[in-house]
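Trainee: Before we discuss the assignments, could you show me the sequence and the model together?

Mentor: Here they are.

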Amino acid sequence: MDGTRLPRERPRAPRVGRFTYDVGTQTWKWDDEVFRIHGMEPGAIEPTTQYVLECKHPSDRDRVAEVLRKATTTGEPFSACFRINAADGVERRVVLVCEGGVCDAEAELPVAQLDGYYIDLTEDFAQAASDEATEAVAASAEHRATIEQAKGSLMLAYGLDADQAFAMLRWWSRNKNMKVRDIADHLTQVSSAGDLSDSTLRRSVDNLLHDASPPGPG
């Protein structure tokens, strides 16, 4: 067996991991969780931008490439939801959240480094589509308006669609050990305090997500 790949029967890895992207060298530093999200043993390869794009689902590849190109030009925070064809043969749904770029006035490139984290939403997408998840939402009909408002905030802040936003709420709920409706209520309280037409919401949600993500790699 190829020692760089995780056996498919291995228990589920942690669901969030940090990255650092060196724009000049086109290389990435991944923590152990990002390797596992990509279906590999930690340290199995030295990730490059070429590899990061090659393992994307073909239908998502060009869109992710354009998002990265823009980020390395502007240094602005971004997020992208896409599918990974992982090395262990599993297709995973992932959100890549970039917290912003590090600029170097003496460097040739406007942005020297990007930092952020991966969130693996594969299980949450599956559960959101299950009868159990449907029944759970139906049983909480009185909270549906709050959940829909929270989904809207995530859609606006991170450019997600409705299904992606709900999967992210479920992921967040699991990490914080809170009910989806309680997470939604907290998120709507935060979002209502900011101007939804500018970057205030994005920064507010980033602050809430930050404590659910680990320290940076390396």
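Trainee: Which residues in α7 are buried?

Mentor: This is a predicted model, in which local features need pLDDT of at least 70 and side-chain atom pairs count only at pLDDT 80 or more, while totals for chains, interfaces and linings use all residues. Residues are numbered from 1 along each chain as its sequence is written, and side-chain values use heavy atoms, with hydrogens and water left out. In α7, the buried residues are Gln-164, Ala-165, Phe-166, Ala-167, Met-168, Leu-169, Arg-170, Trp-171, Trp-172 and Ser-173, where buried means under 20% relative accessible area, exposed over 50%, and partly exposed in between (1.4 Å probe, protein chains only).

Trainee: Why is Gln-26 called partly exposed?

Mentor: Its relative accessibility is 33%, so Gln-26 counts as partly exposed. Gln-26 lies in the loop between β1 (16-22) and β2 (27-30); strands are DSSP runs of E with at least two residues, helices are runs of H or I with at least four, and both are numbered from the N terminus.

Trainee: What is the phi of Gln-26?

Mentor: Phi of Gln-26 is near 60°, a positive value in a residue other than glycine. Most residues other than glycine have a negative phi. Just after α7, Asn-177 also takes a positive phi, of about 55°.

Trainee: What span does α7 reach, and what is expected?

Mentor: Helix α7 (residues 162-176) has 15 residues and reaches 21 Å from first to last C-alpha, close to the expected 21 Å, the expectation being 1.5 Å times one less than the number of residues.
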